[in-house]
Amino acid sequence: MMDYSKTLRNNNKIYSRTSSQRQNQQYSSDFSLRFVFTGNERYDIGRRHLSIYPDSFLILNRGTQYSTDTDSSVPVQSFSINFDQQFLEDFKEYWAFTDNRLVNRNGYKTKQQQEFDETIYPFSGDIMYNVYHLKQYLDNGMHDELLINEYLTHCLINYFTIYNEEILNKAEKLHFLNPSTKIEILRRLNLAKEYLYSNYNQNISLEDLAEYSCLSVNHLLRTFKQAFNLTPHQFLIQLRLKRAQLLLKSTTYPINEVVNLIGFECPSSFIRLFKTHYKITPLKYRQIA
């Protein structure tokens, strides 16, 4: 594992860190994407406590105050990209000409000069492929800034595409007429989603989830299903199974220990759900992963 910080001539910055325990208070001076490749890292933003794992990532807007904390049984390998403000604005202008999804659609306000939703996003597909290749390139000591900035541009393309899917498309699914109401309800639903992401191994009640997201239980159940095509409980089960995949692939914990770590109470129930969802038993998955 290699630690480094790299500042490009255009003031884009890339950081790679490995740590077991870290806590600090600071400002995010630039728009940034935050990832972890092993373990998990907690970000405290106001009253919100967000944990990111290798299957998720977080964005921070310019000037956001936050603290981070890592306390894991395995070293936490974190990776972050901080984009220079001018680089970001130039990209937004390019994106506006090539794709109007973030500019003005179905009554949504222009996003060009506004902040993005600081929430947890899925780390998969193109953005994962691109970030992994960027990190591998830097880990090997390569320094071609032209190529590095191409990677960073593709990271922004990937993120803007994810933003379109995770924010704008999901907002459109909500059964409200007013676009601003849709965006506000989705913001609250994302609070519920990030609560599930960060507390998936705990016993979560619908009442706790509704209170955290500032919605009634009935409103939460109805709108969550509209946005995510899953009930909160179904979403939680799928999330626990994804986290089980990570543990089976990256650790040697016995199956019973994995069951406890992801919040399941019954090993036989976990094995049945895992096989139903992935068409393979946990043990066979570990053998081939």
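A crossing of two helices is called left-handed if the near helix is turned anticlockwise from the far one by less than a right angle, and right-handed if clockwise. The structure examined here is a predicted model, in which local features need pLDDT of at least 70 and side-chain atom pairs count only at pLDDT 80 or more, while totals for chains, interfaces and linings use all residues. Residues are numbered from 1 along each chain as its sequence is written, and side-chain values use heavy atoms, with hydrogens and water left out.

Helices (H or I, at least four residues) and strands (E, at least two) are taken as DSSP runs and numbered from the N terminus. Two packed helices are described by the angle between their axes and the distance between the axes. For α3 and α4, the packing angle is about 120 degrees and the axes lie 9 Å apart; axes are lines fitted to C-alpha atoms, for helices over the stretch in contact, and angles run from 0 to 180 degrees between N-to-C directions. The two helices, α3 and α4, are therefore oblique to each other, given that angles under 35 degrees count as roughly parallel, over 145 as roughly antiparallel, 65 to 115 as roughly perpendicular and the rest as oblique. The crossing of α3 and α4 is right-handed. Residues E166, I167, L168, K170, A171 and E172 of α3 make the contact with K182, I183, L186, N190 and K193 of α4, where contact means heavy atoms within 4.5 Å.

Side chains of opposite charge can pair when their charged atoms come close. With a salt bridge defined as a side-chain nitrogen of Lys or Arg within 4 Å of a carboxyl oxygen of Asp or Glu, the count comes to eleven salt bridges. One of these links E194 and R48, whose closest N and O atoms are 2.7 Å apart. Because E194 lies in helix α4 (residues 179-199) and R48 in strand β5 (residues 48-52), this pair ties together parts that are 146 residues apart in sequence. Residues are classed as buried under 20% relative accessible area, exposed over 50%, and partly exposed in between (1.4 Å probe, protein chains only). E194 is buried at 1% relative accessibility, and R48 is buried at 17%.

K170 forms a salt bridge with E166, the closest N and O atoms being 3.5 Å apart. E166 and K170 are four residues apart in helix α3 (residues 145-173) and thus separated by about one helical turn. Salt bridges that share partners join E165, E166, K170 and K193 into one network. Within this group, the closest N and O atoms of E165 and K170 are 3.8 Å apart. E165 is partly exposed, at 35% relative accessible area, whereas K170 is buried at 8% and E166 is buried at 11%.

Strand β3 (residues 31-38) has seven of its eight residues buried, so this strand is largely enclosed by the rest of the structure. Strands pair if DSSP finds at least two bridges between them; three bridges join β3 to strand β6 (residues 56-60), and the two run antiparallel. R34 has L58 as its bridge partner in β6.

Helix α10 (residues 282-288) includes P282, which is buried with a relative accessible area of 2%. Leaving aside residues up to four places away in sequence, P282 touches L248, I255, F270, I271 and F274.
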